[in-house]
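Colleague: I would like to go through the ligand site and the open space in this model. Please show it first.

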Amino acid sequence: MEMAEKTVAEWYANHPISAPHILTKLTNLRGSTKDVTPQELYPYDQDHYDGLNANARLADKTQMKPGDHVLDVCAGLCGPARWYVTERGVDVTGIDISPNRVDGAKELNALVGMQDQIHPILGSAMDMPFDDNKFDAAVSQESFLHIPDKAKALSEVFRVLRPGGRFAFTDWVMHSSLSEDEMEQYSQRFACQSLLSIPEYQAKLEQTGFKVVSADDVTASWGEILARRLSMYQTLDAEAERAGNPSKGDEFLKMYAQFVSDVQQRRIGGVRLAAEKPQ
Ligand SMILES: C[S@@+](CC[C@H](N)C(=O)[O-])C[C@H]1O[C@@H](n2cnc3c(N)ncnc32)[C@H](O)[C@@H]1O
């Protein structure tokens, strides 16, 4: 694991979206975790913006169909994976660098009886332990910001996709350059390694060999979603601290408010990209 990846894994070891917190919350809500459904997990296990809508958009963009083998790059707790299995009838392999998230994903998959359809793997997006041309489709959500060498990760996705397979993903982008000091703040507070502009992202995909299918600027909708997410984090963080589970504390919440403001002013933003590996 590279140093930058170690920092990312440590950052996610201490994050309010965690399996222990989800299990505490479900037990408080319904008395036990017996017979939990994937639907009951959805309010807590999706670590990206726009929840289930975002999953549906990516699923549509990749054109995944029942029976497909799908790769989720940086799959987290496999919340999106459980949705793809339930709603699109695919099976999912999810790779993630954070041990607590891979363990949490396995625990939550077993809780809802999905251990045979979802395969969480501990590993780096920049060096994936999969054969060439293995997957029919690949997805990723708000994760490449953490990856130090995006070109390497994109070439890995390209390698493991079958010809004609599509990769659809969302990520943070930079609309206007940030000062060194601001970038340092994003690196310390969000484990953000680097940000590209939308045209730079398109160029990197093309250099990798992908054909870009679409590039949607989602900054305006993220501005609204993020304001709501800030209040969710405020509640979750306080709850997690009270329950003795991972939380991020006041400094993180202050920086999150700065992030929301940067998105609303279009300094930083989001993109949804879809690209195809040519036949
Ligand atoms: C914002 S979360 C997204 C999780 C999941 N996709 C979701 O939407 O719920 C980002 C995830 O990327 C993972 N990650 C960051 N850098 C990685 C890398 N180099 N290789 C694999 N996973 C990585 C983190 O551990 C974290 O779980």
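Modeller: A backbone N or O atom of A125 lies 2.9 Å from a nitrogen atom of the ligand, a polar contact (a pair of N or O atoms within 3.5 Å). This is a predicted model, in which local features need pLDDT of at least 70, side-chain atom pairs count only at pLDDT 80 or more, and totals for chains, interfaces and linings use all residues. Residues are numbered from 1 along each chain as its sequence is written, and side-chain values use heavy atoms, with hydrogens and water left out.

Colleague: Which residue has a polar side-chain atom 2.6 Å from an oxygen atom of the ligand?

Modeller: The ligand is surrounded by 23 residues, counted as near if one of their heavy atoms lies within 4 Å of it. Among the closest are D47, H48 and C74. The residue with the polar side-chain atom 2.6 Å from a ligand oxygen is S98.

Colleague: Which helix gives the most residues to the shell around the ligand?

Modeller: By class, the shell has eight nonpolar, nine polar and six charged residues. Helices here are DSSP runs (H or I, at least four residues). With three residues, the helix that gives the most is α1 (residues 3-13).

Colleague: Which element gives the most to the lining of the largest pocket?

Modeller: The elements that give two or more residues to that lining are α2 (19-30), α3 (38-45) and α10 (219-243). With seven residues, the one that gives the most is α10.

Methods
A polar contact is a pair of N or O atoms within 3.5 Å; within protein, one must be able to donate a hydrogen and the other to accept it, and residues adjacent in sequence count only if both atoms are side-chain atoms. Ala, Val, Leu, Ile, Met, Phe, Trp, Tyr, Cys and Pro count as nonpolar, Asp, Glu, Lys and Arg as charged, and the others, Gly among them, as polar.
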